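Before reading the answers, please look at the structure and try each question yourself.

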Amino acid sequence: MRTVTSEVQSQLLAVIVVVIVAGCFELSFGSPLYKYRCVRDKCLRQQKDSLKDHEQYLDSLNECRLVCGEFRALWPIPAVVVNLGQETREFVPSDIKFDFHTSPDDADVQNYLNQTTRVFLKNLYKECGRNCNRTTNTRIYFSVKVETTETSLTWTTDESYDLFVEDHEGLLEISIVAPTVFGARHGLETVSQLTALRTYPDGNCLLILTSVNLKDYPHYPHRGLLLDTARNFIPIRAIQRQLDGMASTKLNVLHWHITDSQSFPLEMPSLPLMTKYGAYSEKQIYTQQDVRSVFEYAKLRGIRVLLEFDAPAHAGNGWQWAPAAGFGSLAVCVNQQPWRKLCIEPPCGQLNPANPHLYPTLQKLYADFSGLIPPQEILHMGGDEVFFGCWNATREVVDYLEGQGKSRGEDDFLDLWGEFQANVLRLWDQQRQGLEQLQPTILWSSHLTDPAVIEKYLPKERYVVQTWVESDKDLPLQLVRKGYRLIVSTKNAWYFDHGFWGVTNYYNWRKVYNNKLLKSTKVLGGEACIWTEFIDENSLDSRTWPRLAAVGERLWANPLQDASKAEGRFYRHRERLITRGLRPEAVAPKWCEQNEGECQ
């Protein structure tokens with residue numbers, strides 16, 4: 001018995017020691033050892049006992065960033081800041097009331113505002129975290145005025161808004177005035193970034209600035225992300241996460257590269273064999289409803305979706321059904337080896353413009369695409385990396401050229417390509433009949449968009465060119481001088497798959513941020529690109545974010561400052577992305593985040 005008692009006493013003593021030690025730690029960390037001060041627009045971490053009595057300090061870094069610096073915690077920076085005050089109030093999202101000022105009979109605008117404010121409140125609750133129930137003395141009244149009935153997002157949509165916040169002794173009045181619902185949505189996003197979490201033992205709440213006056217609008221109308229879901233299938237839930245991140249950054253275009261030579265995962269009601277032969281599995285298919293749901297999800301977040309049907313190259317798997325159906329080879333070189341002689345990357349595949357069954361088949365596909373795409377939206381037609389070696393190795397194509405009195409020279413294949421492009425544009429126009437005017441389409445830069453030949457094949461009023469060349473190339477300037485509109489995807493800054501294969505380089509967020517576009521009214525904006533040969537849903541977030549946020553500020557504000565001036569706000573926005581459910585990669589040690597400017 002004495003032995004057992006001794007063991008029990010030892011155990012009790014160990015427990016007592018643990019409790020005492022834990023209590024000491026609780027005492028020493030119950031009141032933060034470090035505080036934050038705003039010094040020369042930067043939040044600096046300092047030990048509490050080193051602060052002088054007259055010095056103002058804040059308990060958390062995010063509280064400091066809420067009141068520190070010219071643009072505080074806003075990302076992207078607004079166009080015109082009249083006032084961002086210093087005072088804050090505690091509140092909880094349940095104490096917010098909304099009043100919408102729209103045309104009484106405009107159900108579409110009312111419905112959009114109802115749904116987008118729910119997204120806004122959801123984001124606030126995510127920021128506030130669990131136990132967001134602390135009682136405060138603040139009530140918030142939102143007045144949202146939308147001046148038009150426009151609910152279609154295009155390159156000409158006015159996305160501006162005016163934002164005012166005034167404090168009336170505990171009643172916080174927030175006013176957003178915008179020409180369209182999309183400007184109002186951007187205003188709500190800005191308000192969500194004027195907040196910071198504050199925690200107490202009995203619950204959490206949010207802080208919000210009490211005096212704000214700003215006017216905001218984007219520098220470029222096209223601010224996008226290209227997402228390739230053909231090389232590796234990306235589930236809808238992962239696409240939605242990217243849209244959530246894009247909304248936080250006021251990006252407004254998801255360019256959905258949905259088919260390629262590797263796979264054809266898009267359900268086509270007119271040609272169901274496309275996915276039977278082209279999808280990776282029965283579970284890795286985008287149904288028509290899936291795509292429509294992405295369009296709806298994106299629109300509520302101020303984002304338009306551009307579907308890309310790449311042709312005539314990048315078309316392989318999915319087309320193998322045609323010979324057995326009596327249509328011959330609609331695509332040639334499909335999965336053939338050695339691939340280096342037939343395409344840019346394996347597997348090969350390229351449409352066959354010599355086959356008379358090709359255009360009737362494409363007409364059915366375009367009809368299905370048209371059924372998915374809203375009336376005012378456009379189709380991206382791809383058109384890059386056509387490999388003349390494939391056509392040159394296809395007897396059917398060579399005979400077709402010879403029948404037209406042509407040979408096998410580069411000009412002959414360019415003419416064939418130009419003929420194809422003219423035919424498919426006509427097919428697409430037939431599907432969009434009834435619109436007030438025919439919409440332009442987008443093509444990647446290629447041999448067909450070479451300044452020396454582009455005017456022969458592509459009328460400038462119908463085509464927008466998406467350039468993907470390095471920053472030191474003058475192709476964008478040459479095309480602008482010829483009168484073409486551009487979307488810019490700078491290859492050596494905004495290709496986010498680079499640095500993980502071949503001799504490519506990784507571009508950190510500072511390189512991404514400092515990438516400036518050609519100054520011209522013909523430049524509609526730009527896109528960062530996520531090509532997924534080496535990316536799937538498990539690595540998508542970290543390859544994309546937070547670098548895409550740097551693209552967002554460049555395209556929204558086109559700031560004169562470089563990345564060094566944006567460091568603190570960028571760190572804060574990365575945390576915001578995490579709060580909203582994304583998993584962005586780390587960009588610096590935590591010490592560097594807490595000591596802004598010390599690690600540049």
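A residue is called buried under 20% relative accessible area, exposed over 50%, and partly exposed in between, with a 1.4 Å probe and protein chains only as cover. This is a predicted model, in which local features need pLDDT of at least 70, side-chain atom pairs count only at pLDDT 80 or more, and totals for chains, interfaces and linings use all residues. Residues are numbered from 1 along each chain as its sequence is written, and side-chain values use heavy atoms, with hydrogens and water left out.

Q: Does Y506 count as buried, partly exposed or exposed?
A: Y506 is placed in the loop between β19 (485–488) and α14 (509–513), where helices (H or I, at least four residues) and strands (E, at least two) are DSSP runs numbered from the N terminus. Because its relative accessibility is 36%, Y506 counts as partly exposed.

Q: How many of the twelve residues of α4 are buried?
A: Helix α4 covers residues 181–192 and reaches 17 Å from its first C-alpha to its last, close to the 16 Å expected at 1.5 Å a residue, where the expected span is 1.5 Å times one less than the number of residues. The buried residues of α4 include V181, R185 and E189. Helix α4 is largely enclosed by the rest of the structure, because the number of its residues that are buried is twelve of the twelve.

Q: How many of the 13 residues of α17 are buried?
A: The end C-alpha atoms of α17 (residues 567–579) are 19 Å apart, which agrees with the 18 Å that its 13 residues should span. Among the buried residues of α17 are F570, Y571 and L577. Helix α17 is mostly covered, and its buried residues number eleven.
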